[in-house]
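Work through the exercises below with the model open beside you. Each task is followed by its solution.

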Amino acid sequence: MKNYFEKKTRFSNFFCVAGTPIAHSKSPVIHTLFGEGVNLELTYEKVEVSSGCLGVAIEQFKKAGGIGMNVTVPLKEEAFDIADDQSDRAIKAGAANTLCFKDGRIVADNTDGSGIVRDLKLNNSITLEGKTILILGAGGAAKGIIPALIKENPFSIKVSNRTISRAEALVEFTKDYPLEVLEWGKKLSYRPDIVINATSLSLSNDLPAIGSQTIGPGSVVYDMAYTVGPTNFMRFSESLGATQILDGLGMLVEQAAEAFFLWHGIFPDTSSIIEYLRNENSSNA
Ligand code: NDP
C-alpha cells in the first residue's frame, strides 16, 4: 500500500489537495496566502492520488492530523461517494471538491459552482439573471457549476458536448430545470449572452466546435481553464469582438475561498490573491 504522508509528523492545522496530475496545482499557494491574510498558520500540501485510492489516502491523512482536503480530477465523484454526509451543493453536482473531517465523519461539499458565480458577479459585475447561457462540455466541471448557475435564474442554459450522452445525462440530473442539449458543433439561431468553456480543450490549446456567429459584440466568454496567458479560445473570442473575456483564475481562487470558509469560518480576501497570481502568471509568460 502506498504511503501518502510517509515522512509527516502530525501537524496541528493540516490540509491538502489530492488528485492526478497535481504538480501544477495552485491550491497550496492560495490557501497559504489566505492563511497569512488572516494570521492563521496552516500547512497545505499537494498529494498525487489516483482513482480508487482516495479512501486509503484519507485514512492516512487523518492519522497525520489532516482536517480538510480538496480533491480535483479524477477524484471528485469518488470523494462524493466516500463521504458520510454530503451538502446540498455536492448532492446537486453529484461530485465533491472539498472534504471536512469532523467528529469522525467525512463531510463532502462542492464549492466550484459558487466559485464561478462569485467570480462572474462580484469580480466582473456580470448579471446572470435573465441571460442565455451556453456551456461547452459536460464533464465534472460542467456538472459542478450548473446547479449554481440555475440558482441565479438565467433565461436559459444550453449544454453542448462532444459525447452527447453525457450532456443528456446532465438533463436527467437537473430534471427540475429545463436544461437544453445542443449537438456538438451545431449552430445556434441566436447569440447567447454568456458562453462558458467547461471542456478541457484549452489545456491543449484546442478550440471547441462552435460557429463564429456564436460569439460577437455583447458576448461574455468565460474559459474555465487557467493557463499562463490567454488560451486560443480566448484569442478566438477576442477576434470575434466579444465584450468580456475571462479565464478561470478568479473561479479557482473563489472556490478555494469557499473551502477556506468551510474549514476556518473566515472568508478570506480574494481580490489581492487573484491579482498576485495574475502578476505571477504574467511574469512567467
Ligand atoms: P473532465 O475530464 O471531467 O471533462 C472534460 C470535458 O472536455 C468533457 O466535456 C469532454 O467531452 C471535453 N473534451 C475533452 N477533449 C475534447 C475534445 N478533443 N473535443 C471535444 N471535447 C473534449 O474535466 P473537467 O470537467 O473536470 O475540467 C474541464 C476544464 O475545467 C479543465 O480545463 C479544468 O482545468 C477546468 N476547471 C477549472 C476550474 C477552476 O476553478 N477554474 C475548476 C474545475 C475545472 P467528452 O465528454 O466528449 O469527453
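**Exercise 1.** Find what separates the centres of domain 1 and domain 2, then describe the contact.

*Solution.* Start with the bounds: the domain assignment, automatic or from a database, gives domain 1 (14–110) and domain 2 (113–249). Their centres, taken over C-alpha atoms, are separated by 26 Å. Nine residues from domain 1 and eight residues from domain 2 make the contact (heavy atoms within 4.5 Å).

This is a predicted model: local features need pLDDT of at least 70, side-chain atom pairs count only at pLDDT 80 or more, and totals for chains, interfaces and linings use all residues. Residues are numbered from 1 along each chain as its sequence is written, and side-chain values use heavy atoms, leaving out hydrogens and water.

**Exercise 2.** Work out the area buried between domain 1 and domain 2.

*Solution.* Buried area is the accessible area (1.4 Å probe) that two parts lose on being put together, summed over both. Here that is about 660 Å². Carbon and sulfur atoms give 56% of this area. In domain 1, Lys26, Lys92 and Ala93 lose the most, together 49% of what that side buries.

**Exercise 3.** How many salt bridges does the rule find across the interface of domain 1 and domain 2?

*Solution.* Apply the rule: a side-chain nitrogen of Lys or Arg within 4 Å of a carboxyl oxygen of Asp or Glu. The rule finds one. Now check a pair: Lys143 forms a salt bridge with Glu77, with the closest N and O atoms 3.2 Å apart. Helix 4 (residues 88–93; a DSSP run of H or I, at least four residues) gives the most to the side of domain 1 that touches domain 2, with four residues.

Definitions and conventions:
Helices (H or I, at least four residues) and strands (E, at least two) are DSSP runs, numbered from the N terminus.
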